[in-house]
Amino acid sequence: MPGGRAETEVTLTVSFGYEPSGELRRLLEDFRDMVNFCVGKALEHNVTSYYALRKLVYGEWKSRWNYSTHFCHSACRVAASMLKGFRRLKRRGLAKGDRPVAEKLFMRLDPELVRYQGDAVRISVRPGEFLYVRLRYGDYQRRFIEEWRAGKLKVGEITINETRVYVPFRKAVAQVEPRGWVAVDVNETNVTAVSADLRVLRLETNLREIRSAYFEKRRRIQELSKLKPKTSERLMARYSKRERNRVRDLLHKLSRRLVEFAKQHGFGIVLEDLKHMRARIRYGRRLNRRLHSLPFRRLQFYVEYKARLAGLPVVYVDPKHSSTLCPVCGGRLAPNGRRVSRCGRCGYESDRDVAACLNLLRRAPGCGEPPLPPKATEASWAEVERVVIKC
Ligand SMILES: [Zn+2]
């Protein structure tokens, strides 16, 4: 479509707690039995494809279970994918037993079977017969619920297990044609984003303080464990959960700010490809320290999905030596004062984290050779925004 903006569909899976009921539990148990029944039939008749299995089992399924036909289709799909996984394990000699078995309670529901009605999810069990599941949710999930209820969001196949409901929301998003790129460098406690025209966003966090405060708490609980093992176990679980939640909130705030920055200037986002990094032992200490501080991969994951929702492209580049080489001539950077590095070959001076970002920017496809500032020390930045993000 010339001149028009391309749209892509973005899927975001959101999980909810729910109010359990005897009815839903029975449905979950029946679904598990259906899956095991389908697996048995597939093995008995040597059927591997979903369609063939569906055709094979339908008659007997119908006489055993009085549910909407969609449940048969879902059970067949789950059984077919379990069998596929099992065959793969078997080829590698890792399969346990002679057939896969569904043990845990869960089910997948065709979107046709599910509506959001009133204040609950409505599942069609049989024509004209419904089961209602009330979801529990916070502010983050509320937005999705409201749009779903208003019919603005489509949903994919919904998964329900004993404690949670997983809803993949599908949304059409207009793609933004980026006018440039912004690269993101993550350190132990701060995140730096730099564009080719040297707009800088610096996010500082209190992650280290949080981590050490919880470390201290856990140490004290550990001491208690000899006297009161039960209490200590309970406290440990509670504090671990709180720490996880705080770190997750922090990652959401950081990623939201990064994506806002990119969106505001119309930039695509350049991230470090960790596959390359893990393969390289030479990264050694710096990488290990980073992986044990800010949950790096998870932050990238949040950035990527928020960017996709905003229609911004994301690319991953090889980060090899991005923090030690000169972005101008490729010479070695040596520390030259606090946070500043200087190139031993051409004398280029740059803030350490900004230099890493400039290197990443130059590796982004379609970024070409962005013009480099004569100096990338703080005095020469086009714009700098400093934000302290606490959780
Ligand atoms: Zn240089």
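**Ground rules.** The model is predicted: local features need pLDDT of at least 70, side-chain atom pairs count only at pLDDT 80 or more, and totals for chains, interfaces and linings use all residues. Residues are numbered from 1 along each chain as its sequence is written, and side-chain values use heavy atoms, with hydrogens and water left out.

**Whole chain.** Show the C-alpha trace first. Along its principal axes it spans about 80 × 70 × 50 Å. Switch to cartoon: the chain has 10 helices and 18 strands. Both are DSSP runs numbered from the N terminus, with helices (H or I) of at least four residues and strands (E) of at least two. Of the 391 residues, 45% are buried (buried is under 20% relative accessible area, exposed over 50%, partly exposed in between; 1.4 Å probe, protein chains only).

**Domains.** Colour 7-173 as domain 1 and 180-389 as domain 2. These bounds come from an automatic or database domain assignment. The domain centres, taken over C-alpha atoms, are 38 Å apart. Their contact takes 6 residues from domain 1 and 5 residues from domain 2; contact means heavy atoms within 4.5 Å.

**Largest pocket.** Select Tyr140, Phe144, His252, Tyr305 and Lys306. Of the 29 lining residues, these lie nearest the pocket centre. The volume is about 1,100 Å³. On a 1 Å grid over the protein atoms alone, a pocket is an open set of points with protein on both sides within 12 Å along at least five of seven lines; in a cavity, a 1.4 Å probe fits but cannot get out; lining residues have an atom within 4 Å of a point. Points are joined across faces, edges and corners, and a volume is the space filled by probe spheres set on them.

Now select helix H6 (229-265). H6 gives the most to this lining, with 8 residues. Strand E1 (7-18), helix H4 (139-149), strand E9 (164-174) and helix H9 (296-309) are among the elements that each supply at least two. Colour by class: 11 are nonpolar, 5 polar and 13 charged. Ala, Val, Leu, Ile, Met, Phe, Trp, Tyr, Cys and Pro count as nonpolar, Asp, Glu, Lys and Arg as charged, and the others, Gly among them, as polar.

**Cavities.** There are 2 of 30 Å³ or more. For the largest cavity, select Val184, Val186, Leu258, Leu271, Glu272, Phe296, Leu299, Gln300 and Val303. Its volume is about 50 Å³. H9 has the largest share of the lining, 4 residues. For the second largest cavity, select Val182, Val184, Ala193, Leu258, Phe261, Ala262 and Ile269. About 30 Å³ of space lies there. H6 gives the most to this lining, 3 residues. By class, the lining has 7 nonpolar, no polar and no charged residues.

**Last stop: Leu105.** Find Leu105 in the loop between helix H3 (69-91) and strand E2 (106-109). Is Leu105 buried or exposed? Leu105 is buried, at 5% relative accessible area. Show its neighbours: beyond residues up to four places away in sequence, Leu105 touches Arg25, Leu28, Glu29, Arg32, Ile160, Asn161 and Glu162. Finish with a C-alpha to C-alpha distance. Leu105 and Arg32 are 73 residues apart in sequence and 6.3 Å apart in space.
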